[in-house]
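Morning, everyone. I have one structure for you today, and I will keep this brisk. Please look at the screen.

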Amino acid sequence: MQRYIGVVISQWSVEQMAERLRIARTMVVDPPSCGATFQDRFDAHWLRECRTEAGAFVELGAWYLRRRGSSVSADWLASQHTVLDVFYTDDVALANGIDAVVDRRRRLDVVDRAVDAAEREDLDECAAALLDLAGALIGLPDRFRVAVPA
């Protein structure tokens with residue numbers, strides 16, 4: 001919201017999305033513990049609303065952070081769901097010069113690995129998969145830029 005103007009929809013940049021993922025990755029590496037841990041088991045149905053691997057990363061990451069006692073960090077990450085999930089859809093990614101289709105099978109395999117670990121409540125393996133997924137999403141623009149005609 002901008003005073004005397006109204007709602008302004010800002011442009012998303014590849015760098016802003018990568019920064020969000022880097023922040024989330026840092027929280028997964030060293031989750032700040034600030035309270036009681038969240039004891040709910042992971043439910044794969046939470047991923048039904050996710051359109052992309054980035055959305056799955058957010059859901060899994062938020063669950064993981066809550067399990068580690070980082071509820072504020074988990075809430076911040078959950079608040080990034082819509083932005084990250086939409087940004088990595090094929091059409092939005094392509095509009096930002098990224099071919100999100102390339103290497104998707106590997107990213108989905110990492111999501112499956114994270115889900116499996118979460119369902120087994122293997123937090124260390126879940127974290128490892130989340131870090132792998134974050135790295136793949138952060139590196140996506142550098143590895144799979146769309147060739148722009150001259």
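The protein has 7 helices and 0 strands. Helices here are DSSP runs of H or I with at least four residues, strands are runs of E with at least two, and numbering starts at the N terminus. From that end, the order reads α-α-α-α-α-α-α.

Some ground rules. This is a predicted model, where local features need pLDDT of at least 70, side-chain atom pairs count only at pLDDT 80 or more, and totals for chains, interfaces and linings use all residues. Residues are numbered from 1 along each chain as its sequence is written, and side-chain values use heavy atoms, with hydrogens and water left out.

Now the overall picture. Of the 150 residues in the protein, 43% are buried. Buried means under 20% relative accessible area, exposed means over 50%, and partly exposed is in between, with a 1.4 Å probe and protein chains only. Next, contacts, meaning heavy atoms within 4.5 Å. Take those with a separation of 6 or more: 73% of them join residues 24 or more positions apart.

On to one helix pair. How do H2 and H6 pack? H2 covers residues 53-67 and H6 covers residues 104-119. Their angle is about 20°, and their axes lie 10 Å apart. So H2 is roughly parallel to H6. The cut-offs: under 35 degrees is roughly parallel, over 145 roughly antiparallel, 65 to 115 roughly perpendicular, and the rest oblique.

Which residues meet? On the H2 side, Glu-53, Ala-56, Leu-60 and Trp-63. On the H6 side, Arg-104, Arg-107, Leu-108, Val-111, Ala-114, Val-115 and Ala-118. That contact has 8 nonpolar residues, no polar and 3 charged. Nonpolar covers Ala, Val, Leu, Ile, Met, Phe, Trp, Tyr, Cys and Pro; charged covers Asp, Glu, Lys and Arg; the others, Gly among them, are polar.

Last topic: rings. The structure holds 3 aromatic pairs. Rings of Phe, Tyr and Trp (its six-membered ring) pair if their centres lie within 6.5 Å; planes under 30 degrees apart are stacked, over 60 edge-to-face, and the rest tilted. Phe-42 and Trp-46 pair edge-to-face, 5.3 Å centre to centre, with 85° between the planes. Phe-42 is buried at 7%, while Trp-46 is partly exposed at 32%. Phe-87 and Tyr-88 have centres 5.2 Å apart and planes at 75°, so that pair is edge-to-face. Phe-87 is buried at 0%, and Tyr-88 is buried at 4%.

One link back to H2. Trp-63 meets H6, and ring pairs also join Trp-63 with Phe-42 and Trp-46 in a cluster. Thanks.

Methods
Axes fitted to C-alpha atoms, helices over the stretch in contact; angles between N-to-C directions.
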